Amino acid sequence: MLTIKNLLKIFNKDTANENILFNGLSFHINEGDFITVVGSNGAGKSTLLNIIAGSIEVDNGEMTLEGKDISKLPEFKRTRSIGRVFQDPSMGTSPSMTILENLSLANNKGKRFGLSKGVSVKDIDYFKELLSKLNLGLEDKLHTKVGMLSGGQRQALALIMTVMSEPSLMLLDEHTAALDPKTSERILELTNQIVEEKKITTLMVTHNLNHAIKTGNRLIMMHRGEIILDIKGEDKKNLTINKLLSYFDNIQSSELISDRTLFS
């Protein structure tokens, strides 16, 4: 599905603050993988998603998505194949527009259109059907501005909008982190439901080890721009928080061990 080879990313190049984050990073994501990504602060988790999405340029390396080289493809063209949900619930939607208008925008993504109305009445029943599956009552609030919704409702809407265009790959950048625990669990439940139903290859960054362990079929741990752990299959199914934390302790790096408290 996605292959990254010899990725090089240097921030503040040729300055006193030069930082080489990725230096030869290579890995492969299989079709149908649901990968959770954990790691210390500054490990490069969100930066990796930004690079895959095209919002950060790389200094060197090759990226292929479904056999197509996307290394030089601009971000707006990558969105045809890559969907994304951000940590901030306000980033995936337009708060000044109604739920109906937001869904219409998502539904028209990638389609040719002329000087017709952006909102089609014939789509309303379809939108209501999509929203009813969330069990959040949003199907009865189509004309409510998204800015009036709670963070959880907005994030659920962002998820629905992201998958409406049927992307090949979905990137979730700590999309439950800004929510209260109960809402966070509900959004994760919806995420699993959507990924399973749509069969979307997914990469999810999270600081929540419970979520990382119980979600998906593969777990990657990053540190200083490197993948130091890649667990899948039965090993992933049998993984516990204590086992995962023990990997931190076994790495001879005082900086990484200090980050252990982030996941306690």
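**Close-up 1. Aspartate 33 and arginine 218 form a salt bridge in this predicted model.** Their closest N and O atoms are 3.0 Å apart. Aspartate 33 sits in the loop between strand E2 (19-29) and strand E3 (34-39), and arginine 218 belongs to strand E9 (residues 218-223), so the pair ties together parts that are 185 residues apart in sequence. Aspartate 33 has a relative accessible area of 5%, so it is buried. Arginine 218 is also buried, at 4% relative accessibility. Asp230 joins Asp33 and Arg218 in a network of salt bridges. The whole structure holds 7 salt bridges.

**Close-up 2. Lysine 133 meets glutamate 197 in a salt bridge.** The N to O distance is 3.8 Å. The pair links distant parts of the chain, 64 residues apart. Lysine 133 is in the loop between helix H4 (124-132) and H5, while glutamate 197 is in helix H6. Lysine 133 is partly exposed, with a relative accessible area of 39%. Glutamate 197 is partly exposed too, at 46%.

**Close-up 3. A salt bridge connects lysine 214 with glutamate 185.** The closest N and O atoms are 2.9 Å apart. Lysine 214 is part of helix H7 (residues 209-214) and glutamate 185 of helix H6, so the contact ties together parts 29 residues apart in sequence. Lysine 214 is exposed, at 53% relative accessible area. Glutamate 185 counts as partly exposed, at 34%.

**Close-up 4. Lysine 199 lies in the loop between helix H6 (181-198) and strand E8 (201-205).** Lysine 199 counts as exposed, because its relative accessibility is 65% and the cut-off is over 50%. A polar atom of the lysine 199 side chain lies 3.3 Å from the backbone oxygen of glutamate 196.

**Close-up 5. Strand E6 (residues 82-85) runs parallel to strand E7 (residues 169-173).** The two strands are joined by 4 bridges. Arginine 84 stands opposite leucine 171 in E7. In a regular strand, side chains alternate between the two faces of the sheet. In E6, Ile82 and Arg84 point one way, and Gly83 and Val85 point the other way. All four are buried.

**Close-up 6. The largest pocket has a volume of about 380 Å³.** Its lining comprises 20 residues. Arg84, Phe86, Gly92, Lys109 and Thr162 lie nearest the centre of the pocket. Helix H2 (75-78), E6, helix H3 (99-107) and helix H5 (151-164) each give two or more residues to the lining. By class, the lining has 8 nonpolar, 8 polar and 4 charged residues.

Conventions: Residues numbered from 1 in each chain as written. Predicted model: local features only at pLDDT ≥ 70, side-chain atom pairs only at ≥ 80, totals over all residues. Heavy atoms only, no water. Buried < 20%, exposed > 50% of the residue type's maximum accessible area, 1.4 Å probe, protein only. Polar contact = N/O pair within 3.5 Å; in protein donor to acceptor, adjacent residues only side chain to side chain. Pairing = 2+ DSSP bridges. 1 Å grid on protein atoms, 1.4 Å probe; cavity = no way out; pocket = protein on both sides within 12 Å on 5 of 7 lines; lining within 4 Å. Points joined across faces, edges and corners; volume = space filled by probe spheres on them. Nonpolar A, V, L, I, M, F, W, Y, C, P; charged D, E, K, R; others polar. Salt bridge = Lys/Arg side-chain N within 4 Å of Asp/Glu carboxyl O.
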